[in-house]
Amino acid sequence: MRKQKRVWIDTDITLGRKNSLVSYCDVDDGYAIAALLRSVEVDVVGISSTLGNTNDIAVSTQVAKDFIARFGPNSVVVNQGASAPFEQQDGQALPKGVSAMAEALAAGPLWILGIGAATNIALLAKHYPQLLGNIEKVVLLAGRTSIDQHFISGHHQPKPFRDLNFEADVVAYKYLLDSQLDICLVPYQACQPFWLTQHDLLGMLNGSNVARYLAEKSEPWLLEWEVVFGASGFNPFDLIAAAYLIDEQWFSSEHWQVEIVQGPSDTEKGKTKDYLICSDTVSSGRSVEYCTAISEQSKAVLLERIKSHDMQHFVLGMSHVNIIVDDISKATEFYQRALGFVLAKDDQGQLMDYQGVTMSSFALDAGLSDGKVNVDVRFLHHPQAGLYLELMHYNYPQGKQQLPPQPKTYDLGGPRHIAMEVSNCNEVFNYLKKQPGVTMINTSNDYHPNKLDGFPITFFYWIDPYGVQWEMEEGRQMGLSRSIV
């Protein structure tokens with residue numbers, strides 16, 4: 001399998017909030033985030049809020065937090081970004097959205113998706129130049145080929161759309177273009193052929209929870225496009241930019257030079273404005289990748305990702321096999337001697353050996369309703385097979401201390417337990433608890449996945465009809481494209 005892209009999303013998400021009595025804000029950030037969270041090709045490591053669709057950073061921050069609380073994994077945290085444009089940031093405290101992005105960048109190579117004002121990304125480049133080598137690519141929704149190219153989607157649209165993300169902070173774009181960052185522009189030109197219609201929204205109403213939510217939020221937005229702009233649908237611009245991170249092969253692109261030029265405004269009569277121009281006729285500036293088109297097949301794939309209940313979007317790979325033992329040292333010696341296992345290390349080079357774990361969150365996730373536990377945990381790794389064993393010795397509570405009768409190879413029953421790494425524990429939990437034959441290890445109504453105190457790990461247990469106990473785990477650095485060494 002291809003290595004996952006570690007992705008940071010910088011978004012001005014507003015999800016259809018009103019910006020006047022008769023006009024609504026864009027909904028397409030929600031589509032972009034949902035598609036990325038449901039795509040195995042990427043690993044979303046964080047989100048920062050920015051301006052653009054709204055001039056109030058508190059709005060985009062709260063909408064992003066609400067969206068992630070509803071549909072996101074516990075491992076993704078929303079951080080508030082800059083509340084004013086780049087040129088007003090001198091002397092201001094660095095926003096948490098920027099410092100959190102820097103922390104993610106310091107942890108490893110990172111792709112950055114900018115689907116709002118580029119303020120946070122420019123601040124990152126300015127204040128953390130030593131980390132910029134870890135940026136794989138910055139993907140920005142912006143640009144046009146000439147001043148004469150106007151963003152018109154409807155038959156009687158009153159005026160062209162603005163190149164909003166660029167115009168929201170032109171100085172931030174100037175700073176990024178002066179850097180050595182690898183930049184990809186996804187412009188209106190690439191998005192215009194991609195339409196979401198009433199038919200698409202009706203199909204989403206029969207899909208996943210996030211699909212239904214997006215469809216309901218999109219109805220007023222679609223109506224505005226139909227009535228005010230004279231269009232038969234709407235272009236989900238941010239979703240197209242997100243699609244580049246999922247599969248670059250969907251796009252046709254050129255490597256052209258880019259420049260910022262001034263000209264008569266196409267949105268405000270009698271005024272001038274800056275334009276971000278990228279084409280084969282530009283002879284000054286720096287080179288960027290400029291996407292000219294996206295393949296037709298992308299729409300069906302992206303909508304299916306958002307609509308589908310299919311578990312293949314969440315299961316990432318085998319995590320580990322858990323074995324309950326009477327003595328961890330004795331069991332370690334046996335598996336080393338008999339099968340060649342070695343002590344496992346995490347991605348920081350530390351042994352994965354945890355003695356006397358008493359976290360109540362661990363106990364609750366393991367189905368111990370009183371929250372009390374004392375357990376020794378050690379991971380082993382087979383360097384050839386790539387298999388991980390999780391050896392556990394429970395000091396409290398103590399279960400049966402004798403091995404059960406050895407079953408025949410054809411007898412029903414399975415190991416305790418099989419762990420699967422998933423990208424979104426909450427969504428998987430909500431899906432599984434509705435399935436016939438699934439029994440949660442704790443059958444009380446308030447049982448749900450909890451994030452472990454001090455660890456980026458969430459998990460829960462369930463039992464299938466044949467007695468096999470499964471653990472669904474989110475957040476551990478192993479599995480597809482990630483590993484403990």
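I started at Pro397, which lies in the loop between strand S14 (388-396) and strand S15 (416-422). This is a predicted model, so I note what the model shows.

**Entry 1: the peptide bond**

I looked up the bond from Tyr396 to Pro397. Is the peptide bond from Tyr396 to Pro397 cis or trans? I found it to be cis, with omega near -10°.

**Entry 2: helices H8 and H11**

Next I took helix H8 (residues 198-205) and helix H11 (residues 297-307). Their axes come within 10 Å and cross at roughly 30°. Angles under 35 degrees count as roughly parallel. That makes H8 roughly parallel to H11. I also checked the hand: H8 passes H11 in a right-handed crossing.

Which residues make the contact? From H8 I listed Asp200, Gly203 and Met204. From H11 I listed Lys299, Leu303, Ile306 and Lys307. Sorted by class, this contact of H8 with H11 has three nonpolar, one polar and three charged residues.

**Entry 3: the two sides of H11**

I stayed with H11 and asked which of its residues are buried. They are Ser298, Leu302, Leu303, Arg305 and Ile306. Leu303 and Ile306 had already turned up in the contact with H8.

Why do the buried residues line one face of H11? I looked down the helix axis. The buried residues fall within an arc of 155°, so they line one face of the helix. On the other side of H11, I found Gln297 and Ala300 exposed.

What covers the buried residues of H11? The cover includes helix H1 (28-37), H8, helix H9 (209-229) and helix H10 (237-246). Strand S9 (286-294) is also included.

**Entry 4: helices H3 and H4**

Last, I turned to helix H3 (residues 96-106) and helix H4 (residues 119-127). Their axes come within 9 Å and cross at roughly 60°. H3 and H4 are therefore oblique to each other. H3 passes H4 in a right-handed crossing.

I then listed the residues that meet. H3 brings Val98, Met101, Ala102 and Leu105. H4 brings Asn120, Leu123 and Leu124. How many residues of each class are in this contact? I noted six nonpolar, one polar and no charged residues for H3 with H4.

Note on methods
Residues numbered from 1 in each chain as written. Predicted model: local features only at pLDDT ≥ 70, side-chain atom pairs only at ≥ 80, totals over all residues. Heavy atoms only, no water. Axes fitted to C-alpha atoms, helices over the stretch in contact; angles between N-to-C directions. Helix = DSSP H or I, 4+ residues; strand = E, 2+ residues; numbered from the N terminus. Parallel < 35°, antiparallel > 145°, perpendicular 65-115°, else oblique. Left-handed = near helix turned anticlockwise from the far one by under 90°. Contact = heavy atoms within 4.5 Å. Nonpolar A, V, L, I, M, F, W, Y, C, P; charged D, E, K, R; others polar. Buried < 20%, exposed > 50% of the residue type's maximum accessible area, 1.4 Å probe, protein only. Arc of directions from axis to C-beta.
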